[in-house]
Amino acid sequence: MLTSLHRLIVKHPFPVVFLYIGTICFLFLFGTYNFDTLSREQQVVGLAKSHARTFAALHQYYSSEIVPRATAAGAEMSQYFRDTDNRIPYPATLTNDFGRVLNQDTPGLTVRLYSAYPFPWNADRILDAFEQDALAFLEANPESEFIRTVPTERGDIVRYAIAQTMSESCIACHNRSDFQSDRLWKIGDFRGVREVTVPLRGLIESNYNGYILGTALALGAAIVGMLIIWPLVRTLRTSLSNAERLSARLADLANQDPLTGLASLRLCLDRLNQAMQEADRYSKKVAILFIDLDGFKKINDVHGHEAGNDVLRAFADRLSITVRGIDTVARVGGDEFVIILNGIDDAQFAQKVALRVISAGAEPFKVPGGIDYISTSIGISIYPEHGLARQDLIEKADSAMYAVKATGKNNFHLYNDDIPAAGRRLSVSALES
């Protein structure tokens with residue numbers, strides 16, 4: 001990913017720089033906007049809490065001080081208190097009526113009380129989803145608070161609700177028989193919910209100084225970034241070129257045998273895994289030929305390692321022309337090779353390829369001062385007959401190859417259960433770790 005970014009900067013510096021400036025400005029302004037929104041929302045919630053506490057105190061004062069004195073003087077409490085002079089509103093009626101006055105003056109700002117046990121004249125009122133949730137939550141958690149930001153046609157509002165519990169001054173009124181309550185209220189009982197709603201915008205304005213500061217910081221950061229990034233472009237051209245060469249070299253080392261140019265053990269195992277999956281998909285088989293050169297040590301000892309390397313390269317070229325284009329030839333050790341035959345129908349095809357390999361190995365090799373000869377021992381295992389795991393298949397082909405060496409060399413063996421384990425293992429698990 002880092003190399004791709006380097007390449008993009010080097011090839012298209014101007015668009016990348018402009019994109020960088022735009023991104024920095026956007027992030028600063030987006031952060032400023034979110035901070036402003038969060039700050040305003042926190043202030044609105046604080047305002048709602050303040051209103052709720054104020055109205056709760058007013059409610060308590062009205063019910064405990066005003067109502068007893070007014071009723072003792074002959075006043076009557078009624079929800080229709082505006083009809084005559086000797087009527088005063090119930091505490092809940094006063095709260096809800098005051099909330100309507102607030103809403104007329106500032107749309108979205110209001111306070112109200114509601115309950116699962118409404119007064120008879122409010123029995124047909126339908127609670128919305130927030131009110132139902134607030135009642136359920138606060139009845140179970142009367143010491144908590146219930147807050148949500150809700151979208152409306154006039155903009156978002158903060159709805160803040162707390163529990164309204166019964167006080168001593170509430171008992172006599174709420175237990176009156178004409179209220180038709182189905183329960184006898186006690187001090188501390190959950191009576192309902194006091195909710196304050198405050199518009200998210202309007203009462204508390206945005207802090208435009210923050211946007212100005214955010215813009216200035218964004219431009220400053222973009223300019224500083226330019227001063228840092230631009231000189232790096234020239235350096236990146238060199239580092240990118242070096243990185244690409246190194247990456248290609250590492251890929252070659254991981255997937256290609258440096259001496260013969262054949263597939264490495266790692267690539268061989270990957271190809272074997274792919275071949276097994278394709279065999280499962282198309283109901284085919286896969287053959288693994290494990291090949292070891294007989295007499296190769298003599299060439300090294302007599303003619304030297306350079307001559308041995310020449311023989312290995314020549315043998316690798318011969319192997320490559322004995323297989324199809326879809327097959328894989330790999331060098332997996334000093335003088336050990338593996339052939340993976342993809343999508344075959346039976347073991348006979350693998351045996352024919354083994355014969356071609358033996359024939360190719362039997363041809364003379366040029367060495368200093370003349371020619372020399374080697375032979376090949378080949379072990380064969382078949383997927384899925386001889387195993388379902390790569391490790392098992394390679395080990396069994398290896399064991400079959402050692403059985404050939406034990407019985408005269410220059411031949412091939414198809415694995416069977418009578419062949420003993422070779423006592424050696426190709427390091428497959430090490431590559432998978």
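Colleague: Which element gives the most to the lining of the largest pocket?
Modeller: Bear in mind that this is a predicted model. Elements that each supply at least two lining residues are α3 (91-105), β3 (110-114), β5 (157-165), α5 (168-174) and β6 (190-199). With 7 residues, the one that gives the most is α3.

Colleague: How much space lies in that largest pocket?
Modeller: The lining is made of 44 residues, and the closest to the pocket's centre are N96, R100, R112, L113 and R125. As for the space in the largest pocket, it comes to about 970 Å³.

Colleague: And by class, how many residues of that lining are nonpolar, polar and charged?
Modeller: Take the 44 residues that line the largest pocket and sort them. The charged ones number 7 and the polar ones 16, which leaves the nonpolar class with 21.

Colleague: Moving on to cavities, what volume does the largest one have?
Modeller: Rolling a probe the size of a water molecule over the atoms shows where empty space is left. Searching the whole structure turns up 1 cavity of 30 Å³ or more. The largest cavity has a volume of about 60 Å³.

Colleague: Which element holds the largest share of the lining of the largest cavity?
Modeller: Lining the largest cavity are F55, L58, H59, P91, L94, T95 and F98. Two elements give two or more of these residues, α2 (13-72) and α3. By class the lining has 5 nonpolar and 2 polar residues, with no charged ones. The largest share, 4 residues, belongs to α3.

Colleague: Which residues of α11 make the contact with α7?
Modeller: On the α7 side the contact uses L269, D270, L272, N273 and M276. By class, the contact residues of the two helices are 5 nonpolar, 1 polar and 2 charged. From α11 come R390, L393 and I394.

Colleague: Is D398 buried or exposed?
Modeller: You'll find D398 in helix α11. D398 and E336 are 62 residues apart in sequence, yet 10.0 Å apart in space from C-alpha to C-alpha. The cut-off for buried is under 20% relative accessible area. Because D398 has a relative accessible area of 2%, it is buried.

Colleague: What about D257: which residues is it in contact with, leaving aside neighbours within four places in sequence?
Modeller: D257 sits in the loop between α6 (208-255) and α7. At 9% relative accessibility, D257 counts as buried. Leaving aside those neighbours, its contacts are L262, A263, S264 and R331.

Colleague: S283 has a positive phi; is S283 buried or exposed?
Modeller: S283 is in the loop between α7 and β7 (285-294). Its phi is near 55 degrees, a positive value in a residue other than glycine. Over 50% relative accessible area counts as exposed. S283 has 69%, so it is exposed.

Colleague: And what is the phi of N410?
Modeller: N410 is in the loop between α11 and β13 (412-414). At 39% relative accessibility, N410 counts as partly exposed. N410 is not a glycine, and its phi is positive, at about 50 degrees.

Colleague: Stepping back, what percentage of the residues in the protein are buried?
Modeller: The protein has 12 helices and 13 strands. Among contacts with a separation of 6 or more, 65% are between residues 24 or more positions apart. Out of 433 residues, the buried ones make up 42%.

Definitions and conventions
Residues numbered from 1 in each chain as written. Predicted model: local features only at pLDDT ≥ 70, side-chain atom pairs only at ≥ 80, totals over all residues. Heavy atoms only, no water. 1 Å grid on protein atoms, 1.4 Å probe; cavity = no way out; pocket = protein on both sides within 12 Å on 5 of 7 lines; lining within 4 Å. Points joined across faces, edges and corners; volume = space filled by probe spheres on them. Nonpolar A, V, L, I, M, F, W, Y, C, P; charged D, E, K, R; others polar. Contact = heavy atoms within 4.5 Å. Buried < 20%, exposed > 50% of the residue type's maximum accessible area, 1.4 Å probe, protein only.
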